[in-house]
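Subject: A structure for you to look at

Hi,

Here is the structure I promised to pass on.

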Amino acid sequence: MLNHEDNQLLTSTLPQTGMGDYFRRFWQPVLLSCELPDADGPPKKVKILGEDLLAFRDTDGFVGLVDHVCSHRGASLYYGRNEENGIRCVFHGLKFDRHGKCIDIPIAAPGTCREKLNLKSYPTHEAGGYIWAYMGPREETPEFPAMEFTAVPANHVYVSKKWQDCNWAQCLEGAIDTAHFSFLHMVIAKDEEEALSKLQHAAIGAQSAQNARIRWVKDDPTPKFEVLETDVGLTIGGARKADGDDLYWRIAQFLHPNHALVPSAFPGENYHGQTFVPVDDHSCWIYTYTWNPDRPLTDEEIARCKIGHTVHAQVDDNYVPLRTKGNDYLIDRAAQKSHSFTGIEGVSEQDAAIQDSQGPIADRTREHLFPTDVGVARFRRHMLQAVRALKETQQAPKAAAPAGSYKMRSGGWVAHKDKKLHEVMVERFGHQQGIVA
């Protein structure tokens, strides 16, 4: 458990908070690229880390992310004209470029100082189907993190996003808690073949490497965990009894400050990940991605993602899931008795139901943790130490610097029971941290 002060430090990312300052030292996804499809097209409202901003794609195709109100009299630039490499306020015609610089004041005399009218702005970068922003000190802007899904060919990756009505930290904790699959996502089935069929929307059910991993997860609900520190976060390995003298390892990756890679893929299978971006302290956007480094995703795989597969959810035109707290996630109590533990369709939706049920901000002072929660406990300690170090030193976080160390993989493996996690990592990935050569 955490005390009240630590829980508040972990969860609050608003301006002038410790975690808020820490998040601002890293690149964050703020939109899907497809949300700003056209140069000089309509702008898009963005709220991130408690800040209301406006994004627009200028005439040259670059994306600006600026304060959402005009510096003249506070009118909303959302209603502005996106024209000739700038957004023009429709109230009195002031115009701002993608860097927030005021480039025209038609109501003022020539030579009027424009500098004091400049808007707050943040640098952006497009990669992997997302528009990213850096919101920290400009002079300390880190290199863009080289996550593998951002570098593979476009047809090798599928990206989406979904809204969630709770704090970012409990969502991320759910992602790195690999023990819960024995219950939350498990199905009620008579045999392995039936279970595999029912788990078709879960990464564990999308198998090209054939083995008994579903049975292993179902039969051993108390995996033994090892946690290793990496250059950019934590490797969290949970080992369950397999057949004979082997263990089935499910290895998740946490990457600073808010990325999690799913512990499911064997070689040749699709990889999955999520990035949990706070809107405010009570809600977040979850950016979700599926990629295959070796081949294009098939039409069937993309179709499954669109209707809710693995980390992806079925969403409406505003990226709000169709199954939410407001409709009890369309829980089917009959299905809960005969089909699944939850009666809720979709792995992503099952996660959301439990995470939302913990409240807008989970009260970690009331918890009683078990050995299977060691990954979650280490994540909390790791993040709190990092935030306090930033506050004390005001130096850029070490985890923001090694961009190449973000190019890593998570996944599954079967190994002899005597092997430790660092040995399994080398055997599975060829690198102790899972970094791609």
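This is a predicted model: local features need pLDDT of at least 70, side-chain atom pairs count only at pLDDT 80 or more; totals for chains, interfaces and linings use all residues.

**Strands and sheets**

Strand β2 covers residues 44-48 and strand β3 covers residues 51-57; the two run antiparallel and are joined by 5 bridges. Together β2 and β3 make a hairpin with 2 residues between them. In that turn, L49 has a positive phi of about 55°. As background, strands of a sheet pair through backbone hydrogen bonds, either parallel or antiparallel.

Further along, there's an open sheet of 4 strands, in the order β5-β6-β7-β8, with antiparallel pairing. Its edges are β5 and β8 (102-104), each of which pairs on one side only. Between β5 and strand β6 (residues 86-88) you'll find 3 bridges. R81 has R88 in β6 as its bridge partner.

**Charged pairs**

Those two arginines turn up again: R81, E83, R88 and D104 are linked in a network of salt bridges. Within it, the side chains of R88 and E83 meet at 2.5 Å, N to O. R88 is buried because its relative accessible area is 17%, and E83 counts as buried too because its value is 16%, with the cut-off for buried being under 20%.

How many salt bridges does a search of the whole structure find? The count is 24. One of them joins the side chains of R409 and E148, at 2.7 Å from N to O. This pair links distant parts of the chain, with R409 in the loop between α9 (374-393) and β19 (411-416), and E148 in the loop between β11 (130-133) and β12, 261 residues apart. Both R409 and E148 are buried. Another salt bridge joins E301 and R295, whose closest N and O atoms are 2.7 Å apart. Here E301 is buried, at 12%, whereas R295 is partly exposed, at 28%.

**Cysteines**

How many disulfides are there? The count comes to 0. For C171, the nearest cysteine sulfur is that of C166, 3.5 Å away. For C284, the nearest is that of C171, at 3.8 Å. Neither distance gives a disulfide, because the two sulfur atoms would have to be within 2.5 Å. C171 is buried, with a relative accessible area of 1%, and C284 is buried at 0%.

**Helices**

Is helix α8 (residues 347-357) largely enclosed or largely open? It is largely enclosed by the rest of the structure, because 9 of its 11 residues are buried. Among those buried residues are V347, A352 and D356. The buried part of α8 packs against β12 (157-164) and α3 (168-176). After α8 comes G359, with a positive phi near 100°.

In helix α3, take a look at E173, which is buried at 7% relative accessibility. Beyond its neighbours within four places in sequence, E173 is in contact with several residues, including L10, R364 and F379.

Finally, Y78, Y79 and V90 make a nonpolar surface patch of about 330 Å². Y78 sits in the loop between β4 (63-67) and β5 (81-83), and counts as partly exposed at 34% relative accessibility.

Cheers

Conventions:
Residues are numbered from 1 along each chain as its sequence is written. Side-chain values use heavy atoms; hydrogens and water are left out. Two strands pair if DSSP finds at least two bridges between them. Patches are made of residues with over 30% relative accessible area and no salt bridge: like charges are joined within 9 Å, nonpolar side chains (Val, Leu, Ile, Met, Phe, Trp, Tyr) within 5 Å. Accessible areas come from the Shrake-Rupley method with a 1.4 Å probe; for residues, only the protein chains shown count as cover. A salt bridge is a side-chain nitrogen of Lys or Arg within 4 Å of a carboxyl oxygen of Asp or Glu. Buried means under 20% relative accessible area, exposed over 50%, partly exposed in between (1.4 Å probe, protein chains only). Contact means heavy atoms within 4.5 Å.
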